[in-house]
Amino acid sequence: MLAYLVKRVFQAIAVMFAISLISFAIQDNLGDPLRELVGQSVSEEVRQQLRDELGLNDSFLQQYLRFVGNALQGDLGTSYFFKEPALDVILKKLPATLELVFAATLIIIGLSVPLGVYTAIKPNNILSRTIMGLSIVGISIPVFLTAILMIFIFAVGLRWLPSYGRGEIVPVWGSWETNFATVDGWLHILLPAVALASIMLPLFVRLIRAEMMEVLQSEYVKYARAKGISPRRIYFVHALKNTLLPVITVGGVQIGTMVAYTILTETVFQWPGMGFMFLEAVNRVDTPLIVAYLIVVGFIFVVTNTIVDLIYGLVNPTVNIARMGA
Amino acid sequence: MTDINATREPGRLGRVWNSNFVYSFRKNPVAVVSMAIFLLIAAAALLAPWLAPVDPYDPSLFDIMDSELPPVWSDSGDSRFLFGTDDQGRDLWSAILYGTRLSLIIGLCAVALQALLGISIGLIAGYVGGRTDSLLMRLADIQLSFSTLMVAIIFLAVTQAMFGSETFNQYAVFMLIAVIGVAEWPQYARTVRATVLAEKKKEYVDSARVLGFGPLRIMVRHILPNSLSPIFVISTVQVANAIISEASLSFLGLGMPPSQPSLGSLISSGFDYIFSGSWWITAIPGVVLVVLVLVINLLGDWMRDVLNPKLYKG
């Protein structure tokens, strides 16, 4: 187990190293820090002097090591637009994105488990067929289109719900302001969260259904039935437990995917989170902010994947740890 | 005299017609309807230059006075424009035909690239085994752990910022194909590797080896044809996903430019106008996109049931 853990952590570090190299290459080639600093109207001599002072004439290796050194101390440069440390800008936007992901995850868990179990238990029933039919329609609608459709219906047509922004938010701690404390906040997060959930929900319903159907065929479920245990207990205690393991693994990986989809949802709903900020940074060629986003998101991906893998190794006794570590 | 021809073997076409695969297709109304709709959309896209009343790429043909006209069937519709016009006065019907063509081309080419990369890597990993295998599969794991959309967004955003939107727009088609194609290779590689591992142990591979065939020939001529059915199954899903990815990227402004719109960029340009009531610029391309992806997914679902029920685990 320890060897597996070490290998996993080592791999995570290797991936972060690759991300840092890519980020540095972007920072090195995208935009001109001098122009952002002093503008165009400075003589060539002064420019050279400034380049020396800033260390822009150093070797690639020296510059890269400095970049990594600064990054490890939390210094990812200063945003050209906000004139603030890039990491601070991102951390200020992070809670909005995380709350959106959290709300969407709640919707997904709350709906996919009952729907998946139901469609597995009664596969030929009309309701199950409808759910499965809707799930394939759900997979086929891109998340931004779901979002637009919902704005069109609930914001433009019925005028029930707001179509943009976070609404009334309440500060909790530091730069974390929450949507969940006021009714207005809940109303604002509802549409974006449903839109974000809409892409994952069908996937999970199908996954839980498929796993559950397989488990229900297994010997131990037959044995439990023969013993006369109530169906409800078999479904929810015996079968569901063993269904959840693969679901957790897929779920962990999908958290990363959700971060990508937040860019789409946040753009449509003008949700002031990281994803919306990233696209703005791209339009302004705000290199430090782009690089900082890349590193923060890469870090989120690597950490969630490593944790999921470790949990999977811990929880599932049948995982051949030696093989997985190879 | 007996007629020998009365009981002759059915011809090649007849055998295909009666095969399990085609039989189950004929007996499945959902699959037949999906296929019909898909062929219809594909034909319309292919024939776009002949079906479209105007060339949607030529701004000199648009009249700004015609902008935001609703579709023909609404009260203030104009008979010249079947689906109405967009904000620049461009005929939406023509734009959708050309846009569908772009979306389909990008989707199919991206999947072809994925398949080429993924199948080669999967074959090598499965056939060679050992260190090469574990290294390649580790790479696949890492690549898979980063969502395609994320990788594509970051790559396209950075290239766009680096080269400026003009140069970017010129090469947008190739960039989209490349990034969607490269990011999804592990899907193929994993599946192919798994089938190769199973096929490798079979006797026909041993006999090919005994006959002195080289590894390349065995991999491509012997093992690959026996691994085709899972490849078909994932290909349909991958095409649907690639079309969605392209639309999403174009919607974010990281794909096809508004001057040469795909379905995603059409939806994006219409989004600014839904608040003022011009719903058709977004809705009609949106419906086309969803129908296109849906029929491909339905065909994929049917194919998965027929070819390989075991793959159903998702």
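Analyst: Helices here are DSSP runs of H or I with at least four residues, and strands are E runs of at least two. The model is predicted. By that count, residues 9-26 of chain A are 100% helix and 0% strand, with the end C-alpha atoms 26 Å apart. Residues 185-205 of chain A are also 100% helix and 0% strand. Their end C-alpha atoms lie 28 Å apart. Both spans carry the UniProt annotation "transmembrane region", which comes from an unreviewed entry. That annotation also covers 100-121, 133-156, 243-264 and 290-315 of chain A.

Take the contacts in chain B between residues at least 6 apart in sequence: 69% of them join residues at least 24 apart.

Next, the side that touches chain A. Here 36 residues of chain B are in contact with 36 residues of chain A. Five elements of chain B each supply at least two residues to this side: α6 (130-145), α7 (148-170), α12 (228-251), α13 (263-271) and α14 (280-307). Of these, α7(B) gives the most, with nine residues. By class, the side of chain B that touches chain A holds 25 nonpolar residues, nine polar ones and two charged ones.

Notes. Residues numbered from 1 in each chain as written. Chains lettered and ligands numbered in written order. Predicted model: local features only at pLDDT ≥ 70, side-chain atom pairs only at ≥ 80, totals over all residues. Contact = placed C-beta atoms within 7 Å. UniProt positions renumbered as here; feature names shortened; annotations may be inferred. Nonpolar A, V, L, I, M, F, W, Y, C, P; charged D, E, K, R; others polar.
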